Amino acid sequence: MRNKIVLITGATSGIGEATAKLLAKHKFRLIVCGRRKERLKRLVVQLGQETDTISLSFDVRNKEEIFSSISSLSGDWSDIDILINNAGNAHGFAPIQTGSLDDWDAMIDINVKGLLYVTKVVLPRMVEKSAGHIINIGSIAGKEVYPNGNVYCASKHAVDAINNGMRIDLNEYGIKVSQINPGLVETEFSLVRFKGDKKRSGAVYKGFQPLVAADIANLIHFIITQPAHVNISDMVVLPLAQANATIVKKDTQ
Ligand code: NDP
Ligand code: 8X3
């Protein structure tokens, strides 16, 4: 039997990249995706030393781009066993009365519609063979709402609902659907949220030990290596210092 093929969106940094690196060590065959082509090229060279790796570059907001790149997969690469819907970000951190329309569009288009578009292209083959596994990366922001989180939280609540809906609809096909909802993970996430402001983004993770991307990669590996009859449907994971979306115990010095 061939090694399983995993398509990871948002593999150019953070959680997606750490997951690609870990799964490469475990010899999963990888399709790494993102918009930044230079990073994808480097990943293919690096991971290619451990496992078969190819890349696809598309913006998850662009359905034509998604459909044509995933449909262009040839040979058994089109037979994706595991889809990791990870691409996403928060854009901005403003109260609802002053939030930017562009930021709102970005979050709904990327975190919600992008996840749906990619799933739409990958699912038919899974349904046809009655097998497969979809991992959706939600967030603590999809379980709770916090000040200034408004639309980002809404986008992740949507992912939570879609995750549950997928599991119900795909139940008869034996396709596993799982979600991981992390709290604070130190990646490029806050840099994107604060539009490149390193001081502001760095401050998010000061005074406590945040999760790192490799922590989430470990959990993804755990979820996809369970026995065939076991489906981990939903998992919330927080740093020890974080009690919920709003309470984080920080050193004050
Ligand atoms: P990063 O900013 O490090 O990574 C985001 C990834 O998403 C990048 O690889 C980026 O690739 C990709 N991406 C963003 N926009 C698009 C787009 N329009 N089209 C295609 N790919 C896109 O953040 P994280 O690794 O932290 O985030 C990964 C996921 O984890 C997100 O869904 C996020 O909401 C979620 N999450 C993060 C938490 C955290 O605290 N960090 C906590 C809970 C959930 P590229 O720019 O190359 O396109
Ligand atoms: C990312 C974690 O708390 O910034 O989803 O929303 S948080």
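Residues are counted from 1 along each chain as its sequence is written, while chains carry letters from A and ligands carry numbers from 1 in the order of writing. Because the model is predicted, local features need pLDDT of at least 70 and side-chain atom pairs count only at pLDDT 80 or more, whereas totals for chains, interfaces and linings use all residues; side-chain values use heavy atoms, with hydrogens and water left out.

Seven strands form an open sheet in the order 3-2-1-4-5-6-9, with parallel pairing. Strands here are DSSP runs of E with at least two residues, helices are runs of H or I with at least four, and both are numbered from the N terminus. Two strands are taken to pair if DSSP finds at least two bridges between them. The edges are held by strand 3 (53–57) and strand 9, each with a single partner strand, so one side of each has no neighbour in the sheet. On average, neighbouring strands are turned by 15 degrees against each other, direction ignored. For such angles, axes are lines fitted to C-alpha atoms (for helices, over the stretch in contact), and values run from 0 to 180 degrees between N-to-C directions.

Moving along the sheet, strand 1 and strand 4 run parallel and are joined by three bridges, with Ile84 of strand 4 as the bridge partner of Ile8. Strand 4 (residues 82–85) in turn pairs with strand 5 in the parallel sense over four bridges, and here Asn85 has Asn136 of strand 5 as its bridge partner. Five bridges then link strand 5 to strand 6 (residues 176–182), again parallel, and His133 is partnered by Lys176 in strand 6. The path from strand 5 to strand 6 goes through helix 5 (residues 150–170) in a right-handed β-α-β crossover. Strand 4, helix 4 (residues 101–129) and strand 5 also make a right-handed β-α-β unit. Right-handed means that, with the strands pointing away from the viewer, the path from the first strand over the helix to the second runs clockwise. Strand 6 is joined to strand 9 by four bridges in the parallel sense, and Pro182 stands opposite Val237 of strand 9.

How covered are these strands? In strand 5 (residues 133–137), five of the five residues are buried, so this strand is largely enclosed by the rest of the structure. Buried stands for under 20% relative accessible area, exposed for over 50% and partly exposed for the range in between (1.4 Å probe, protein chains only). In a regular strand, side chains alternate between the two faces of the sheet. Accordingly, His133, Ile135 and Ile137 lie on one side of strand 5 and Ile134 and Asn136 on the other, all of them buried. Strand 6 is mostly covered too, with seven of its seven residues buried.

Helix 2 lies across strand 2 and strand 3, at about 170 degrees to strand 3. Helix 5 lies across strand 4, strand 5, strand 6 and strand 9, at about 160 degrees to strand 6. Val159 sits in helix 5 and is buried, with a relative accessible area of 0%. Leaving out residues up to four places away in sequence, Val159 touches Asn111, Leu115, Asn136, Ile137, Gly138 and Gln179, where contact means heavy atoms within 4.5 Å.

The largest nonpolar core has 31 residues, and Val6, Leu30, Val32, Ile84 and Ile216 have the most contacts inside it. Elements giving it two or more residues include helix 1 (14–25), strand 2 (29–34) and helix 8 (213–224). Apart from this core lies another, of 30 residues, among them Ile31, Leu56, Ile70 and Val121. Such a core is a set of buried Ala, Val, Leu, Ile, Met, Phe, Trp, Tyr and Cys residues joined through side-chain atoms within 4.5 Å.

Finally, the cysteines deserve a word. The structure holds zero disulfides, a disulfide being a pair of cysteine sulfur atoms within 2.5 Å. Cys33 is buried at a relative accessible area of 1%, and Cys153 is buried at 0%.
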